[in-house]
Amino acid sequence: MKNKKYILCMLGMVMTMVCMSGCGKAANDIQESYEELEVHGNRQEKEESTQEHSQAADTAVNETANAVGGWIGEEYPYEQELQIVDDNYRNYYEIFVYSFYDSDGDGIGDLNGVTQKLDYIQDMGFNGIWLMPVFQSTTYHKYDITDYMQIDSEYGSTEDMQNLIEECHKRGIRIILDFVMNHTSSQHLWFTQACEYLEQLPRGAEPDEQECPYVGYYHFANEQKQDYYQVKNTDWYYEGVFWSEMPDLNLENEQLRAELEQIASYWIGMGIDGFRMDAAMHFEENDATTNTEILNWFYEYCLSQNPDFYMVSEVWANEATVADYYASGTPSMFNFDLADKEGKLIKAARGTYKAANLVQSMLKYQTDFAAKNPDYIDAPFITNHDMGRVANALRNDPDDLKMAGGLLMTLSGNPFVYYGEEIGMSSAGTKDENKRLPFIWSDTDTAGMTKGPKDADAGITSAFADVEEQQADLDSILNYYKRALRLRNENPELARGTIEAVETLCDGHQAVITKTWEDSTIAVVYNTSDEAIEVNLAGSAIDSMAIRGYLTLHGEAITLENGVLTMPAQSICIMK
Ligand SMILES: [Ca+2]
Ligand SMILES: [Ca+2]
């Protein structure tokens, strides 16, 4: 009996190895092409050649991306040349593939659907996309992975992914994948083999990783603990913090690490530019020291495969904890302090958190994050797929929705916009499915429309028009977002600059900061109040600056006369 199960386990291993060696081949090819690059010289030369290439790519991208900002009402004479830099600072668009765009009429969004909509994404001014999980899985959300080397069959094929990557790169868009390594699906071969092995183990016997290495891949215990579930027909239990069908991996296991490295190498070899690390604070529950070590190991490995590799991690926690995770040396953590319905962005848009306070928070992030990782790139966002939509939080107030988007687009680092935010889509209640509804391309043309998660509630409608109508309406939320992204793409200092507050001009809903990047300084002037204000710049640190661009709710002008800046309600002015 024991031998039979042991053989089964070994057979599973061999099957995995065969797959790995098959998949590894592609990775090896890529490894060879990296080695080929190395032949031309040391890393510095390689970086120089990348830079030359980047400059050519920059020019192409700068000519095409988000070319017409669109303006309404008053004349807007401030449109600037685009200055898109080809580095890890990006404007990211988060896509739930299932609900985005369906290319083949089965009602489920897919990779080819994303490819077909890259022109839309680029036209908006995004130059990075984060795809929520795309690997083979048993659920609509796909956070329970059964095979890390396969594209989920609902989403398409490996070739579709290769095509998507190629089309992204042609447009200067980088593409990052959701990498879920806190847990697998309970149907993953590693887990089913481990459970079969434990089933045949005599009572009281200790598992032997020589016999079945997969027992070391998960957290098994012979006692019931919190968040542990029983392995059927045994006295063994496994950890499953999120769900019984998502067993937690043991990321300190060396053989598992080697497998994860091979998986990473495969996707990086295919051209993936980064990973979004799911559930990083749960790798080892309540153990930030171990978790930062795990992130550091994985990031260093990915960097060894691609020196430009990007990583952003989900540490859903307060600012101090997020800061601690920057000790991992990985570039980005999502800024949860700013996010969600009680986060600082939504509150600032609503008027319950003042601009001057928001500036203090910006300075605090800058100090605290840089203390742990001087090369940090903040990752601000308003909401994501786990949160109620911003339209619900702001009671469908179009002005407040614009303000939230405008504030986001002036923040340092990489802003992430959850698909649908740019058209003010709705969610309902707390059910996850209701936060991930079909993107509303058109109310009349059903082409590409998805049916959405089957357990979503019916009849949830958006207070705002579809993409098609909003594109045609210069006063829409969509066109406001587009102008905000345009400003960001005109002013690289917004993402990269070091912030200083102009204290003398920060008061309540009025606030002024400068951002300095390389040898260039710009100022950002905020009016988050519902009233027009006059900001007297005379004698301030920015009194010699001129208007460089601005965001107003409905196309109203911002003027500068005799050192006094006149700003309408809820507006933002960039000066230089
Ligand atoms: Ca489809
Ligand atoms: Ca865990």
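A residue counts as buried when its relative accessible area is under 20%, and by that cut-off Ile108, at 7%, is buried. The structure described here is a predicted model.

**Calcium ion (ligand 1)**

- The calcium ion (ligand 1) is coordinated at 2.3 Å by Asp102 (OD), Asp104 (OD), Asp106 (OD) and Asp110 (OD), together with Ile108, which contributes its O atom.
- Along the sequence, these donor residues follow the spacing D-x1-D-x1-D-x1-I-x1-D.

- Because Asn182 lies in the loop between strand 5 (174-179) and helix 6 (189-200), while His282 lies in the loop between strand 9 (274-277) and helix 8 (288-305), the pair ties together parts that are 100 residues apart in sequence.
- Asn182 is buried, with a relative accessible area of 0%, whereas His282 is partly exposed, at 23% relative accessibility.

**Strands 18 and 21**

- Strand 18, which spans residues 547-551, is mostly covered, in that 5 of its 5 residues are buried.
- Strand 18 pairs in the antiparallel sense with strand 21 (residues 571-575) over 4 bridges, and Tyr550 has Cys573 in strand 21 as its bridge partner.

**Residues with positive phi**

- Gln570, which is not a glycine, has a positive phi of about 45 degrees; Gln570 is found in the loop between strand 20 (564-567) and strand 21, and is buried, with a relative accessible area of 2%.
- Asn396, another residue other than glycine, has a positive phi near 55 degrees; Asn396 is placed in the loop between helix 12 (390-393) and helix 13 (398-408), and is partly exposed, with a relative accessible area of 32%.

Definitions and conventions
Residues are numbered from 1 along each chain as its sequence is written. Chains are lettered from A and ligands numbered from 1 in the order in which they are written. This is a predicted model: local features need pLDDT of at least 70, side-chain atom pairs count only at pLDDT 80 or more; totals for chains, interfaces and linings use all residues. Side-chain values use heavy atoms; hydrogens and water are left out. Buried means under 20% relative accessible area, exposed over 50%, partly exposed in between (1.4 Å probe, protein chains only). Helices (H or I, at least four residues) and strands (E, at least two) are DSSP runs, numbered from the N terminus. Two strands pair if DSSP finds at least two bridges between them. Donors are N, O and S atoms within 2.8 Å of the metal (3.2 Å for Na, K and Ca); water is not among the atoms, so sites may look incomplete.
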